[in-house]
Each structure stands twice: as structure tokens, then as C-alpha cells.
Amino acid sequence: MKKILTLTLVAGLMFNASAQDAADKKVMAGLTFGGALNFNNPQTNTMDAKVGGDFVAGMALNWNFSNNIGLATGLEFDFNRFKTNSYNSVYFDYDDKEIVRQKDASASNSSFLVDERKHKSIYLSLPVMLKFQTNFMGYMRYYGKFGVRNSFLLMTRTDNTGQGYDQLGVVDKDVTSLDDMLSPGVMSVYKGSIGLSAGAEYNITGSTVLVAELGYYYGFSEVFRQEGSLFGDDEKDLSLYQVNGGVKEYYTPSVKQGQLLLKLAVLF
């Protein structure tokens, strides 16, 4: 009986010491990855946007001001995917594998009538969030976070289905899809969202913790580049247009994007 009590006491001391190692650390960093559902909210009646997906991978950094309040940040790569459908007749000009912007358009470009587009973008994201956490209860502690997720566009391409036309405006029956097209001027350089998340940390050993977190992020900025918007975007950088009386009128789709994001991390 004494041996059982002794072992129980030793195990309890090790249990508390292990959790204390993690609780005492002011800065914790490690790897994080996760997945998200993208909820796209069109701001015009000219298009529809379907629910998409997102894969996230990168580095997480937690800086604890005290046992219960801290700053959560990091650097993450977001691999973003979603589809849009056009209700009106929307075109773009293209040259080989590149969609041509207004400022680069010429009479030698072929054109394409868009029915559906799959957008494939890579962002570098910098979350900046206040973290409110409990003390460790055994091996576990729980937290909530509130803040802003800032995403900066690194690359974007599109897969397109519709109907192609040659330089003279004649239907090209062989061109009904254009895949993996370079798409400069399509997406906004900055995508911002404000979010709320909740999660738990499990102390594996020493100061190492396993983290699971679920949050929702409401997009407050435009996903697509707008005329005269942030970072000096200009109408001549636009590539989509509608034809009115034989004249090209360049057109900007309008979508804001929310995310339901599940992340896992290992912090040291």
C-alpha cells in the first residue's frame, strides 16, 4: 500500500512539474498546419461563388505577457481554392498561358467567354491575435483568441471553362477550357479578416505542447482586385470585361471571403 501511495505521489509531482515547464515559458514557437472551408460572399448579382478549401502550413509563435494573456502570431502559407460562375457575358483576352490585362491588350490577342473559373492562390498570412488562456489543469489548458488575419498574395492561377474566340472574334470550337493560366491583376494583393477562435493545449512532455484550435474568420476586404483600391491598383490592371455596343467595359467581380479554420500545432 505504501508503494502505491509513493508511486502516486511521484507521478503527481512529475505531472505538475511537466505542466509547470510549459506554463513558465514566455515564448513558445513551433510548426502548425490545418485546413479551412472558404465561404465566399459575392457583393454583386453578376456572379456566384462556391464554397472552397484552404490548406495552411507554417510557423506559430506565442508570446505570453502573463500566465493568462498573450500574443499569438506566426507566418503561414495559405493554399487557397474556390470557384466562381458568371451570370453575365464576361470575357478576358489571353496570350498563350497568360491572361492579358487591359494595359497589355492588343488586337493579336485571342479572347475567352467565361462560364466558370477555379481560382488557385497562394498567400503568406500573418495572424495577429490576443490570446486569453486558463492555467494548466493537469496536462491541459484552454484558450480563446481574437484578432486579425492578414494575408498577402504571392501567386495566383486560374482554370477556366467556357468558349474561346480567335483574334477575329470567330468561335474556336477547340478551345472550351484554359487551365493553369497566369492571372496577373485578378486578385487583390491584400486579404484581411477578423476572427475568433478557441482551442486547447496538451502538455506532451517538458515544455512541449500539442495544440488544437478551431476558429471563424470574417473577411472584411475584397478578394478580387478593385479599381482604385489598396496598393495603387488601377483600372488598367483589370482583365475581365463585358462588351457593350462593341466597346470593352472592364469589369471587377466583388467577393469577400470568410473561413472556418481548423489548425494543429506543436510548440516548444
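**Close-up views of the predicted model**

**View 1. Asp 180 and Asp 96, two residues that have a positive phi without being glycines.** Asp 180 counts as partly exposed because its relative accessibility is 32%, where buried means under 20% relative accessible area, exposed over 50% and partly exposed in between, with a 1.4 Å probe and protein chains only. The model is a predicted one, in which local features need a pLDDT of at least 70 and side-chain atom pairs count only at pLDDT 80 or more, whereas totals for chains, interfaces and linings use all residues. Residues are numbered from 1 along each chain as its sequence is written, and side-chain values use heavy atoms, with hydrogens and water left out. Asp 180 is found in strand β9, and its phi is positive at about 55°; helices (H or I, at least four residues) and strands (E, at least two) are DSSP runs numbered from the N terminus. Asp 96, with a positive phi of about 60°, lies instead in the loop between β4 and β5 (98-100), and its relative accessibility of 64% is why it counts as exposed.

View 2. Of the 268 residues in the chain, 46% are buried. Contacts (heavy atoms within 4.5 Å) between residues 24 or more positions apart make up 75% of those in the chain that have a separation of 6 or more. The accessible surface of the chain, from the Shrake-Rupley method with a 1.4 Å probe, comes to about 13,500 Å², and carbon and sulfur atoms account for 62% of this area.

**View 3. The largest nonpolar core, with 20 residues.** Phe 92, Tyr 94, Phe 112, Leu 178, Met 187 and Phe 224 are the residues with the most contacts inside this core. At least two of its residues come from each of β2 (47-49), β4 (69-95), β6 (110-133) and β9 (177-182), and the greatest contribution, four residues, is that of β4. Such a core is a set of buried Ala, Val, Leu, Ile, Met, Phe, Trp, Tyr and Cys residues joined through side-chain atoms within 4.5 Å. Leaving aside residues up to four places away in sequence, Met 187 touches Phe 82, His 119, Ser 121, Tyr 123, Leu 153, Thr 156, Val 223, Phe 224 and Arg 225. Another core, of nine residues, lies apart from the largest one and has Met 28, Ala 60, Tyr 143 and Ala 265 among its members.

**View 4. The largest cavity, holding about 170 Å³ of space.** Ala 60, Asn 62, Lys 145, Glu 213 and Lys 263 are the closest to the centre of this cavity among the 19 residues that line it. On a 1 Å grid over the protein atoms alone, a cavity is a set of points where a 1.4 Å probe fits but cannot get out, and a pocket is an open set with protein on both sides within 12 Å along at least five of seven lines, lining residues having an atom within 4 Å of a point. The lining of the largest cavity takes at least two residues from each of β3 (52-64), β4, β6, β7 (140-165), β11 (208-219) and β14 (255-267), with β14 giving the largest share, four residues. By class, this lining has 10 nonpolar, three polar and six charged residues. A search of the whole structure finds four cavities of 30 Å³ or more.

**View 5. The second largest cavity, with a volume of about 80 Å³.** The lining is formed by Met 47, Thr 84, Asn 85, Ser 86, Val 90, Val 114, Arg 117, His 119, Phe 224, Leu 240, Tyr 251 and Pro 253. Two or more of these residues come from each of β4 and β6, and the share of β4, four residues, is the largest.

**View 6. The largest pocket, with a volume of about 160 Å³.** Among the residues lining this pocket are Tyr 91, Asp 93, Asn 109, Tyr 165, Tyr 241 and Lys 248. Strands β4, β6 and β12 (241-244) each supply at least two residues of the lining.

**View 7. Arg 149, a residue of strand β7.** Arg 149 counts as buried because its relative accessibility is 1%.

Terms used. Points joined across faces, edges and corners; volume = space filled by probe spheres on them. Nonpolar A, V, L, I, M, F, W, Y, C, P; charged D, E, K, R; others polar.
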